[in-house]
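Here are some notes to go with the model, written as numbered points so that you can pick out what you need. Please read them with the structure open beside you.

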Amino acid sequence: MPRRIILTLILTLAALSAGALTVTPGSLGVTVMPDCDERSLVLTGEINGADLEYIATRMRSLDLLDLSGVRIVGYEGPRIAAGLRRHGPDMLPPFQLAGLSAGRLILPSGITAIGECALTGSSITEIDIPSSVRTIGMGAFAGCSALGRVTVPSSVKEVGSHVFDGCTSLSEVVFLPSPVPPSAFVGCRSLVSVTLSATCDTIGDSAFKGCSSLAGFDFPASLVSVGDEAFASTGLLAARLGGSVYLRSVGSRAFAQCPSLTEVRFPAGLVRLGEGICLCDSSLVSVNIPSSVQAVPRLSFAGARHVVSLDDVLVEGIDSVAPFSFSGLGDVCAVTLPSSLSHIGDNAFERMTGLREIEGGALTGVPVLGDSVWAGVDVRSVALYVDERLTGDFLCAPQWKEFDILVSGIEDVSATPSVSLRVRFDGTLLVAELPGPFVSASLFGLDGTLLDIRDGGDGACVLSFDTSPFKENFFILSVSLRSGLRPAIKLLRN
């Protein structure tokens, strides 16, 4: 006798005139051989939810439940699992196979729906969803902790939330319906491969939250919306959404608490960006916000301590910075404020302990500040460069007046202001035209470090310095002229 025993049941139960079957739960009377190494159950004929509930509660440790030869008919009768009294035909009824103890499940080829929580908590390792299925209910496969891979075909037009919630062994998914519903794969900690439809336009709230093994993800070009916490606490290394040119909304904390995330790129045209978008992303280095967003949201990058530049965040068009947006970004040493900036919220730049320079020369007014914007920053050691016409306004403005306020651009710091020096930057090349021959010229950093020196022995009136080797953007040029004058100027390399 072969080791694999197939028990085939030909169900000949009579139907009532209303179409319901006279089935009493447990009437199948199937005996499974307890000493078989492999157990398979192949059914043919007509069954309903009561029969499925009997299989789920009485048939234990099946390797295979084959329902391909079955037609599921409607049921109306006594309460069965989860209090169900009735269900329609051609559907896997809600709750009736919950907790099923079977490895592989083959569904009837003609079913059009998989009901709410139909297989919740079952031990299935694999399943094929027929192309006839049009709807899958909420939590249909939730808690199927042994399920390894699944394909949801494009024929499915509606999928409920939490459909694969807690499928902790699920590693590969092909999900072709659109949208991806809320919490669809939340807690699927083994998930490493996801394929979405090329026409997918929405990824719902918490869709992939907690997928800690998910390192790579291809965002569809058709994407319009990413929900709140959609990728929070995942293993993503990069979130490159620049090719999703139709993307208009990214929800709050969508990429928060992703410990391996190093790069996030958003496309131009993005309109809504939720708060805490990259909150506590401790490995984040590179990020952008397009000017179409207009405001840096609350807690956007708080705790992303390895971000070193905000040049792609504080871009022209940004009007405001919300509270705590850059809290704790201690590796940022220089910030450039766009001319469009008018308001900075509470604690927005707190604990940016590496901050040394703020370039505000483009500002057309003094931005309004919330409370404790620079908490934990030694502002007296930070050089604030502003337009000469606004110097007085900044010197009188609360919090701003605490900075070392300097005039943006080229400033004459000479004791002999009547001496005219014409200085310009040609890229990184500093070129100075002098009023007469010079003896020597020295280039210093703001801290007084001598960076370079020139000898004017040939009587030249023009000199140049290549500043490309220097990380500094601020310099002091001191010139000793043959006339005995010693002019000096402060320079900002733009």
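1. Let us begin with one residue. Val321 sits in strand β23, which covers residues 320-321; helices (H or I, at least four residues) and strands (E, at least two) are DSSP runs, numbered from the N terminus. Val321 counts as buried because its relative accessibility is 1%. Here buried means under 20% relative accessible area, exposed over 50%, and partly exposed in between, with a 1.4 Å probe and protein chains only. Leaving out residues up to four places away in sequence, Val321 touches Val296, Leu314, Phe326, Leu341, His343, Ile344, Gly345 and Ala348, where a contact means heavy atoms within 4.5 Å. Leu341 is 20 residues from Val321 along the chain, and their C-alpha atoms are separated by 8.1 Å.

2. A word on what you are looking at. This is a predicted model, in which local features need pLDDT of at least 70 and side-chain atom pairs count only at pLDDT 80 or more, while totals for chains, interfaces and linings use all residues. Residues are numbered from 1 along each chain as its sequence is written, and side-chain values use heavy atoms, with hydrogens and water left out.

3. Now the overall picture. The protein has two helices and 37 strands, and 50% of its 494 residues are buried. Among contacts with a separation of 6 or more, 43% join residues 24 or more positions apart. The exposed surface comes to about 20,800 Å², with 51% supplied by carbon and sulfur atoms; these areas come from the Shrake-Rupley method with a 1.4 Å probe, and for residues only the protein chains shown count as cover.

4. What about the interior? The largest nonpolar core holds 117 residues, and Phe141, Phe185, Phe208, Phe255 and Phe301 have the most contacts inside it. A nonpolar core is a set of buried Ala, Val, Leu, Ile, Met, Phe, Trp, Tyr and Cys residues joined through side-chain atoms within 4.5 Å. Elements giving two or more residues to this core include β2 (38-47), α1 (49-58), β7 (102-106) and β28 (383-386), and β3 gives the most, with five residues. Phe141 has among its contacts Ile114, Leu119, Ile127, Val163, Phe164 and Cys167. A second, separate core has 18 residues, including Val423, Leu434, Phe475 and Leu477.

5. A pocket is found on a 1 Å grid over the protein atoms alone, as an open set of points where a 1.4 Å probe fits, with protein on both sides within 12 Å along at least five of seven lines; lining residues have an atom within 4 Å of a point. Grid points are joined across faces, edges and corners, and a volume is the space filled by probe spheres set on the points. Of the 25 lining residues, Cys333, Ala334, Glu357, Asn473 and Phe474 lie nearest the centre of the largest pocket.

6. Which classes of residue line the largest pocket? Its lining has ten nonpolar, six polar and nine charged residues. Ala, Val, Leu, Ile, Met, Phe, Trp, Tyr, Cys and Pro count as nonpolar, Asp, Glu, Lys and Arg as charged, and the others, Gly among them, as polar.

7. The second largest pocket has about 180 Å³ of space. It is lined by 13 residues, and Ile127, Asp128, Arg149, Val150 and Thr151 are the closest to its centre. At least two lining residues come from each of β9 (126-128), β11 (149-152), β13 (172-175) and β14 (193-196). By class, this lining has six nonpolar, three polar and four charged residues.

8. Some backbone geometry deserves a look. Most residues other than glycine have a negative phi, and most peptide bonds are trans. The loop between β13 and β14 contains Pro179, and the peptide bond from Ser178 to Pro179 is cis, with omega near 5°. Ser183 lies in the loop between β13 and β14 and has a positive phi of about 55° although it is not a glycine. Ser183 counts as buried because its relative accessibility is 11%.

9. Phe324, in the loop between β23 and β24, has a positive phi of about 65° although it is not a glycine. At 24% relative accessibility, Phe324 counts as partly exposed.
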